[in-house]
Amino acid sequence: MKHRLLAAFLTIVVMFAALPSVLFCCAERDILATEAYFDGGFSLSGVKNVPGRGDMIYYAQNDALWKDFVYESRESKKSRPFGDGGCAPAAVGMAIAAMTEREEITLIVNGAKTPYSICPCSVTASKCRQHHARYTLTSVRDFERFLPLAIAEFAAGNNIYGVLSRTEDKGTATGFIHHLVKPYGLNVTIVSDYQTALDAMAQGCAVVAHSRAGSVFTNTGHYVFLAAADEERLYVMDSLCRESYDTTGASKLTVLEPGLVTLRHEDIRIAGFGSYIIFSKTQFSHTDEPFMDISESTLEEEPATDGESVE
């Protein structure tokens, strides 16, 4: 009897000793499955050839890989998808990619409260609907591919500065941006004058523009990246990737390829730009304006198109 009890006891000890490695194998397998989901998916994001600038990194909020992800803070009661409200993280991601060396793109981790990670359903771990194993972003390749998601996590509260810019009623406000760029050694200035924005671009700065509701780009507030400008035209990377625009003034907007559009400077009014966020390596020289924490429209966010239908 004693021998049987001892044998049973030893069996239990061996089982519990092996449990950590079993759990590790399951966790590792689940993480690999999450990674495989992203590696095997269709993506709208990538590199676009911009006239006058060459190849530039482009991020689409309605990328098939993440357009359905819940983009909310821990405190939010809503479940809005990134495809409808991820224009700010996508546009800011393009600006940062344009202003930094490739190997510096990981510096966003210096402002994180916890490591940035991804799963197939949510920007933040607190809103994961199926408790997926989250894949932690570590490499330059990781952050180059998923920078908008890391920025969205930052805006939703995963930062050491205590800022929360993913709001329940006004989309994504800009208050997080000047904290976000600190690890990159960048400065942020917000202006309202179009010519000032063009001057900034001529000086090597990156510019994200905010479109008011009712513009050629959107029926609500929207952020886009101003990729380049020449004497006649402005070239815009629209974070909401589309093949065409069915809005007032769309005839004055030329789609070079989905996500990259151009318009003449003389037609800039159709863009509805109300403010410009300037990213600079040194303090941008301009007429001082007070820092504005701008927000998206209080209207419903712009519905994303089906990313998989875009060629």
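Which residue with a positive phi follows helix 6? Helix 6 is followed by G204, and the phi of G204 is near 90°. This report places that helix in the wider architecture of the chain.

## Model and confidence

The structure is a predicted model. The average pLDDT of the protein is 84, and 78% of the residues score at least 70. Residues 8–26 form one of them, with zero contacts in the model beyond near neighbours in sequence. Residues 297–311 also fall below 50, yet this stretch has 52 contacts in the model beyond near neighbours in sequence. Where pLDDT is low, the predicted coordinates should not be read in detail.

## Overall composition

The secondary structure comes to six helices and eleven strands. Of the 311 residues in the protein, 52% are buried. Among contacts with a separation of 6 or more, 69% are between residues 24 or more positions apart.

An open sheet is formed by seven strands in the order 5-11-6-7-8-10-9, with antiparallel pairing. Strand 5 (187–191) and strand 9 (254–257) are the edge strands, each pairing on one side only. From one strand to the next, the twist averages 30°. In a regular strand the side chains alternate between the two faces of the sheet.

Helix 3 (residues 87–99) lies across strand 6 (206–211), strand 7, strand 8 (233–238) and strand 11 (273–280). Its direction makes an angle of about 25° with strand 7. Helix 6 (residues 194–202) lies across strands 5, 6, 7, 8 and 11, and runs at about 55° to strand 7.

The N-terminal end of helix 6 is capped by D193, which places a side-chain oxygen 3.4 Å from the backbone nitrogen of Q195. Buried residues in helix 6 are Y194, T196, A197, L198, A200 and M201. Their cover includes strand 5, strand 6, strand 7, strand 8 and strand 11.

H222 belongs to strand 7 (residues 222–229). H222 counts as buried because its relative accessibility is 1%, below the 20% cut-off. The side chains of H222 and D238 are joined by a polar contact of 2.7 Å. Leaving aside neighbours within four places in sequence, H222 is in contact with residues including Q61, C87, H210, F217, D238 and R242.

H265 is found in the loop between strand 10 and strand 11. At 18% relative accessibility, H265 also counts as buried, since the cut-off is under 20%. A polar contact of 2.7 Å joins the side chain of H265 to that of Y194, a buried residue of helix 6. Beyond neighbours within four places in sequence, H265 is in contact with Y194, L198, A229, D230, E231, E232, R233 and L234.

Helix 4 (residues 140–155) bends by about 80° at F146, and the proline P148 follows within four residues. This helix is mostly covered, with twelve of its 16 residues buried. Among them are D142, F143, F146, P148, L149 and E153. After helix 4 comes G157, which has a positive phi near 125°.

F69 is found in the loop between strand 2 (54–58) and helix 2 (82–85). With a relative accessible area of 2%, F69 is buried. F69 and L149 are 80 residues apart along the chain, and their C-alpha atoms are separated by 9.6 Å. L149 is itself one of the buried residues of helix 4.

## The hairpin of strands 1 and 2

Strand 1 (residues 46–50) and strand 2 run antiparallel and are joined by five bridges. In this pairing, the bridge partner of G46 is Y58 in strand 2. The two strands form a hairpin with three residues between them, and G52 in the turn has a positive phi of about 85°.

Key: Residues are numbered from 1 along each chain as its sequence is written. Side-chain values use heavy atoms; hydrogens and water are left out. Buried means under 20% relative accessible area, exposed over 50%, partly exposed in between (1.4 Å probe, protein chains only). A polar contact is a pair of N or O atoms within 3.5 Å; within protein, one must be able to donate a hydrogen and the other to accept it, and residues adjacent in sequence count only if both atoms are side-chain atoms. Contact means heavy atoms within 4.5 Å. pLDDT is the predictor's confidence in each residue, from 0 to 100. The bend at a residue is the angle between axes fitted to the seven residues ending there and the seven starting there. Two strands pair if DSSP finds at least two bridges between them. Axes are lines fitted to C-alpha atoms, for helices over the stretch in contact, and angles run from 0 to 180 degrees between N-to-C directions.
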